[in-house]
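Please read the following note with the structure open beside it. The points are numbered so that each can be checked in turn.

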Amino acid sequence: MALDAEHGQLVMTALDIVAVPAFADNYLWLVRNPASGETAAIDPGDSTAVLAEADRRGWRIGQVLNTHWHPDHTGGNLAVRDRGARISGPAAEAARIPGIDVHLNEGDKVHIGDHVGEVWEVPGHTLGHIAFVFREAGVAFVGDTLFAMGCGRLFEGSPAQMFASLKRLAELPSETLVYCAHEYTLANARFAAHAEQGNRAIADRLVEVEAARTRNEPTVPTTIGLERATNPFVTAPDIATFTERRAAKDNFRS
Ligand code: ZN
Ligand code: FE
């Protein structure tokens, strides 16, 4: 089950997905195939947090899936690997992914039992950044590429690369649940409301996000449909507008 951000209800997905909060604002994801019990950890930046949650549930982590090399996503790799997990991550960043066993490229598939995830190369935040798209389950793990009402900073890639990556993700079915790696939604929503004054959908979502965060509730996962309606980086009409908004967000203090 997963929390549907649009309706605030528990919805059945074909995978069990659990958020493990870590550091100041990271979400590490435990993903389990309920039929087979096979479990993956997505971006286990903090091994203590992710192993404690897996142990508490009696889940054995058989594999790690890394979206990119940043330490808040890979810092727990070796400790989880010591417990028997295989590490899969982007081939282009293999030299910086601790313990990597499987080098992934565009078009490769990952499996959690009989659930298949497509590997998409979505450069921008880092040059080798990948996403895992489980079409049948209707879920996508997007790391630091697409955030609720925002997108990752451009540490390595160009605006054109990130813009293309976001547009590609935005073409997934609107009900697709999007699992990003940080709880940045409140700051993103404030920027979105500033960047697109008069946008009713954004203003309404800002109110919802403020209320959720006041109650200390997560705002992730989001959906592709919500992002198409309220994410100023997804809705940017062209690369120039995207570039302007990304630069403005980098300097925005809410
Ligand atoms: Zn990152
Ligand atoms: Fe991160």
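1. Donors are N, O and S atoms within 2.8 Å of the metal (3.2 Å for Na, K and Ca), and since water is not among the atoms, sites may look incomplete. Four donors count as tetrahedral if all angles lie between 85 and 135 degrees; four count as square planar and six as octahedral if opposite donors are over 155 degrees apart and all others between 65 and 115; anything else is irregular.

2. This is a predicted model, in which local features need pLDDT of at least 70 and side-chain atom pairs count only at pLDDT 80 or more, while totals for chains, interfaces and linings use all residues. Residues are numbered from 1 along each chain as its sequence is written, chains are lettered from A and ligands numbered from 1 in the order in which they are written, and side-chain values use heavy atoms, with hydrogens and water left out.

3. The zinc ion (ligand 1) is held by His68 (NE2), His70 (ND1), His125 (NE2) and Asp144 (OD), at 2.2 to 2.3 Å. Its four donor atoms form angles of 85 to 173°, and this site is irregular. The donor residues follow the spacing H-x1-H-x54-H-x18-D. His68 lies in the loop between strand E6 (61-65) and H2, and His125 in the loop between strand E10 (115-121) and strand E11 (130-134), 57 residues apart. Helices (H or I, at least four residues) and strands (E, at least two) are DSSP runs, numbered from the N terminus.

4. Which residue coordinates both the iron ion (ligand 2) and the zinc ion (ligand 1)? Asp144 does so, and the two ions are 3.1 Å apart. Asp144 sits in the loop between strand E12 (139-143) and strand E13 (146-147), whereas His73 belongs to helix H2 (residues 71-74), 71 residues apart. Both His73 and Asp144 are buried.

Notes:
Buried means under 20% relative accessible area, exposed over 50%, partly exposed in between (1.4 Å probe, protein chains only).
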